[in-house]
Amino acid sequence: MLLSVDRPNAATGTSLSYEVIAAVAEREGVDPIDIEPPEYDALYDVINPEALDSLFAPRENGLSRAGGRVEFVYCGYRVTVTSGGDVDVSELERTNE
């Protein structure tokens with residue numbers, strides 16, 4: 001599992017990329033260490049973990065970055081990560097085609 005641990009989430013002390021893995025693991029009812037190929041998609045195949053960790057990290061001068069959020073699909077879930085460090089994992093909406 002490729003995760004960046006050098007840019008921790010201030011609230012939890014872990015990286016946002018790890019928080020994504022942990023949130024999906026919770027939804028799946030497994031340990032975060034079990035979220036790896038071949039049973040699960042690799043996070044780095046969907047989004048660059050280091051870029052995700054850096055996206056909302058404080059600037060080098062310590063100032064906060066602008067607010068926002070990023071959404072992506074991972075392991076069959078819609079994942080939303082906010083500038084506040086929140087990670088939401090929800091079921092994908094199915095369309096009738």
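Author: Begin with one definition. Two strands pair if DSSP finds at least two bridges between them. Keep in mind that this is a predicted model.

Reader: Which two strands form a hairpin with four residues between them?

Author: Strands S2 and S3 do. Look at the turn too: Gly 85 there has a positive phi of about 90°.

Reader: In which sense do S2 and S3 pair, and over how many bridges?

Author: The sense is antiparallel, and there are five bridges. S2 covers residues 77–82, and S3 covers residues 87–91.

Reader: Which residues in S3 stand opposite Thr 80 and Val 79?

Author: Thr 80 has Asp 88 opposite it. Val 79 faces Val 89 across the pair. Now a general idea for strands. In a regular strand, side chains alternate between the two faces of the sheet.

Reader: What about S1 and S2?

Author: They also pair in the antiparallel sense, over six bridges. Here Arg 69 stands opposite Thr 82 in S2. S1 and S2 form a hairpin with two residues between them.

Reader: Which residue in that turn has a positive phi?

Author: Cys 75, at about 55°. Note that Cys 75 has this positive phi although it is not a glycine. Its place is the loop between strand S1 (69–74) and S2.

Reader: Is Cys 75 buried or exposed?

Author: Apply the cut-off: buried means under 20% relative accessible area. Cys 75 has 17%, so Cys 75 counts as buried.

Reader: Now step back. How many helices and strands does the protein have?

Author: Two helices and three strands. Along the sequence the pattern reads α-α-β-β-β. As for burial, 34% of the 97 residues are buried.

Reader: How do I read a salt bridge?

Author: Start with the general idea. Side chains of opposite charge can pair when their charged atoms come close. The cut-off is a side-chain nitrogen of Lys or Arg within 4 Å of a carboxyl oxygen of Asp or Glu. The protein has two salt bridges by that rule.

Reader: Which residue forms a salt bridge with Arg 27?

Author: Glu 91 does, with the closest N and O atoms 3.1 Å apart. Arg 27 belongs to helix H1 and Glu 91 to strand S3, so the pair ties together parts that are 64 residues apart in sequence. Check accessibility next. Arg 27 is partly exposed at 39%. Glu 91 is partly exposed as well, at 49%.

Reader: Which residue meets Glu 71 in a salt bridge?

Author: Arg 69, at 3.0 Å from N to O. Arg 69 counts as exposed, with 59% relative accessibility. Glu 71 counts as partly exposed, with 38%.

Reader: What about charges on the surface? Which residues form a negative surface patch?

Author: Asp 31, Asp 34, Glu 36 and Glu 39 form it. To join a patch, a residue needs over 30% relative accessible area and no salt bridge. Take Glu 39 as a case. Glu 39 is exposed, with a relative accessible area of 60%. Glu 39 sits in the loop between helix H1 (16–28) and helix H2 (49–55).

Reader: Which peptide bond is cis?

Author: The one from Pro 37 to Pro 38, with omega near 5°. Pro 38 is in the loop between H1 and H2.

Reader: How do I compare separation along the chain with separation in space?

Author: Pick two residues. Count the steps in sequence, then read the C-alpha distance. Ser 15 and Asp 53 are 38 residues apart in sequence, and their C-alpha atoms are 6.1 Å apart. Ser 15 lies in the segment before H1. Ser 15 is buried, at 2% relative accessible area.

Reader: What is the C-alpha separation of Glu 28 and Cys 75?

Author: It is 9.7 Å, for residues 47 apart along the chain. Glu 28 is part of helix H1. At 33% relative accessibility, Glu 28 is partly exposed.

Key:
Residues numbered from 1 in each chain as written. Predicted model: local features only at pLDDT ≥ 70, side-chain atom pairs only at ≥ 80, totals over all residues. Heavy atoms only, no water. Patch = residues over 30% accessible without salt bridge, like charges linked within 9 Å, V, L, I, M, F, W, Y side chains within 5 Å. Areas by Shrake-Rupley, 256 points an atom, 1.4 Å probe, with all protein chains shown as cover. Lys, Arg positive; Asp, Glu negative; His and termini not counted. Charge placed at Lys NZ, Arg CZ, Asp CG, Glu CD. Buried < 20%, exposed > 50% of the residue type's maximum accessible area, 1.4 Å probe, protein only.
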